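Subject: Structure handover

Hello,

Here is the structure I said I would pass on. Please open it beside this message while you read.

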Protein chains: 2
Amino acid sequence: MRNTQLPYGTTNLLHSFALDHYETEFGARLDDVKVAYETYGTLNSYGTNAILLCHALTGDAHAADGNGRSGWWGPLIGPHRAIDTNRYFVVCTNVIGGCAGTTGPASKMSDDVTVYGSHFPVITIRDMVRVQFPLLKQLGIKKLHAVLGGSMGGMQALEWPIIYPDFVERAVVIAANPAFTAMGLAYNEVMRRAIVSDLNYLDGDYANAGKFPEDGMRLARMIGMITYRTAQLFDERFGRQFTSGNSFDPEVGRYLRHQGNKFMERFDPESYLTLIRAMDLHDIGRGRGGYHAAYQKIAAELLWIGIRDDLLYPPKQIQLAVNEAKTSGVDVTYAEIDSVLGHDAFLLEFEQLTDLIDPFLHAENLDERAL
Amino acid sequence: MRNTQLPYGTTNLLHSFALDHYETEFGARLDDVKVAYETYGTLNSYGTNAILLCHALTGDAHAADGNGRSGWWGPLIGPHRAIDTNRYFVVCTNVIGGCAGTTGPASKMSDDVTVYGSHFPVITIRDMVRVQFPLLKQLGIKKLHAVLGGSMGGMQALEWPIIYPDFVERAVVIAANPAFTAMGLAYNEVMRRAIVSDLNYLDGDYANAGKFPEDGMRLARMIGMITYRTAQLFDERFGRQFTSGNSFDPEVGRYLRHQGNKFMERFDPESYLTLIRAMDLHDIGRGRGGYHAAYQKIAAELLWIGIRDDLLYPPKQIQLAVNEAKTSGVDVTYAEIDSVLGHDAFLLEFEQLTDLIDPFLHAENLDERAL
């Protein structure tokens, strides 16, 4: 935890909102959908100073520091920070299909005994957006001043102004493409295969059988970690060091195993599979007549941020998307984070993120309008 | 198979040579070490027109086409080809630790019943080189006109003129570094973990138990295949296509599983682990006082080839190595293969390889010297 005080004004840590039912994009019905969320700061009387933060694959609703735990964007959120809690009412929810309070594969079904497991339906990025919308309405939000997210969160941040063009004024899309690429699909396939071929996976119903696919989860996380970082970082941090006591065990391997072991303690395998499938299916053009038609729906101002040496979302691809969006009439700016960290820079390069996000959010003087 | 004739002059397909014993770099003793090899063409009376080809991780001694099967460098080997069998005596062996005729973990131990499995010792790239040397001597080779190899074969091609400076006149090192990088170690770690955590692996003794770690091998190959190709290639070949009949199964995933399934039929898991460990340990500076001292041993002329967008051996790293080698007095030239294929270009871009290798090998007029 970075702050010992919680200076966010009115702060709600991990509350829950419930939808009576929700029908997914692919037509499955889920009853009693719970949405875990946190808020920081105060909504103004017009309901127009709200900012929604969308978490990435393994994130949750805990965006700001608090309750003895660092938030995934802790240094960005607080008074006089890029996401200024003196000015904005900040909301972050755990996505549907997740495993940190919102209904997902690890949740109990209506009998309150059986865990969904393999019975949880396919979820899309659009479902994540649509499930959050009624919560924001209930909180009294009339318009989102901005929606922000990186990676899987960036996919949501891009879908928001397409699905709800009148509701979103600004979107910050970080390290995400308009559609998931073949290379992304390839990495997701090996991570999926790692989990489903673990004998303890039991076709997704491990939880009801009291089992857990440990080896598969460890391996999936190890593969993921490689894609989130860069060769340069691994060279600088680990080089060719081998662990003491075993001259054949490289330090970078020990690091990856350690990351895999930590991950197992905090994430549900079927939730992981559900979310990477949602990423697989991410494609703003699907069912809309392609990218151009999708971009044409956007009224919001966009800031689209790429990260140098991002293996999964190379800046070149994002620049191409930005140009296509511009051609389709979107008011979009491209910016780039210069970092040796690779993809994970969106969770770590807080100074550069502040320099980009702060001026974009303050484009308009909110103070004169309300509060 | 590409050729229906075998126009290599005297051709020996998969013969075997035996060493009474061999002591590995790390001090293990192996008795009765068999070395499977092929030769194409005829050795001249001086024993100076020999070319050694070193195979990569999953290759074998079958470099040229023949016996109804394509060789891994088939189009490069033959009369009037880059590796001209009218001029050169070409040798290719299966490496120690391999599983295609040379002694490795899948070989029987001295009791002729038990398979080595977990009892096979750690092997290094240097061991691969040292095991080949007595075979070349016995074949009557006085000097290698050249040694060539890509990837793990490139590591051997680089070690050859360091270990036997008086024996090697030229070396062509393709898609390989002076030492394996942290990113390479990371990918090898997840492939290793995939195999060893398969319940059928049985700590390496699956063969004696009549088992086979199928899931682990499939997964390791899938991960490997991703690193051998490029995002651009996957985008062009598979894009966001999903398999017919299952709208959630991406084509690129089906392709990777197919590659994984094919691989299981032809490769031994413990051999795979032995060879990737040898790659982990590849470091020309080890025990020699660093790179500079290692390079200073080289008398041979070097052609060092990088491949654009090679994920594991980026051209930038190879160029850096080439500069270091030059500073250390090595007569070395850098060249680059321009390909969308990524690392695997060293097994596929035959035209570019011909354009680079042919003039380098013909630098001197062999015909005037002998035959």
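The notes below go from the pair of chains, to the domains, to one pair of helices.

Please keep in mind that this is a predicted model.

The two chains

In the contact between the chains, 33 residues of chain A meet 33 residues of chain B. Several helices of chain A supply at least two residues each to the side that touches chain B: helix 3 (182–196), helix 4 (214–228), helix 5 (231–237), helix 6 (251–264) and helix 7 (269–280). Helix 3 of chain A gives the most to that side, with 9 residues. Sorted by class, the side of chain A that touches chain B holds 21 nonpolar, 4 polar and 8 charged residues.

Do the copies meet through the same surface or through different ones? Of the interface residues of chain A, 100% are also interface residues in chain B, so the copies meet through the same surface.

The domains of chain A

Chain A is divided into two parts: domain 1 takes in 11–178 + 283–368, and domain 2 takes in 184–278. Between the C-alpha centres of these domains of chain A there are 25 Å. Domain 1 of chain A puts 27 residues in contact with 21 residues of domain 2 of chain A. On the domain 1 side of this contact in chain A, 15 residues are nonpolar, 10 are polar and 2 are charged.

Helix 3 and helix 7

Two packed helices are described by the angle between their axes and the distance between the axes. For helix 3 and helix 7 of chain A, the axes come within 10 Å and cross at roughly 160°. An angle over 145 degrees counts as roughly antiparallel, so helix 3 of chain A is roughly antiparallel to helix 7 of chain A. The crossing of helix 3 of chain A past helix 7 of chain A is left-handed.

Which residues make the contact? From helix 3 of chain A they are A:Gly184, A:Leu185, A:Asn188, A:Met191, A:Arg192 and A:Ile195. Helix 7 of chain A brings A:Pro269, A:Tyr272, A:Leu273, A:Ile276, A:Met279 and A:Asp280. Taken by class, the residues of this contact between helix 3 and helix 7 of chain A are 8 nonpolar, 2 polar and 2 charged.

Regards

Methods
Residues are numbered from 1 along each chain as its sequence is written. Chains are lettered from A and ligands numbered from 1 in the order in which they are written. This is a predicted model: local features need pLDDT of at least 70, side-chain atom pairs count only at pLDDT 80 or more; totals for chains, interfaces and linings use all residues. Two residues are in contact if their C-beta atoms, placed from the backbone, lie within 7 Å. Helices (H or I, at least four residues) and strands (E, at least two) are DSSP runs, numbered from the N terminus. Ala, Val, Leu, Ile, Met, Phe, Trp, Tyr, Cys and Pro count as nonpolar, Asp, Glu, Lys and Arg as charged, and the others, Gly among them, as polar. Domain bounds come from an automatic or database domain assignment. Axes are lines fitted to C-alpha atoms, for helices over the stretch in contact, and angles run from 0 to 180 degrees between N-to-C directions. Angles under 35 degrees count as roughly parallel, over 145 as roughly antiparallel, 65 to 115 as roughly perpendicular and the rest as oblique. A crossing is left-handed if the near helix is turned anticlockwise from the far one by less than a right angle, and right-handed if clockwise.
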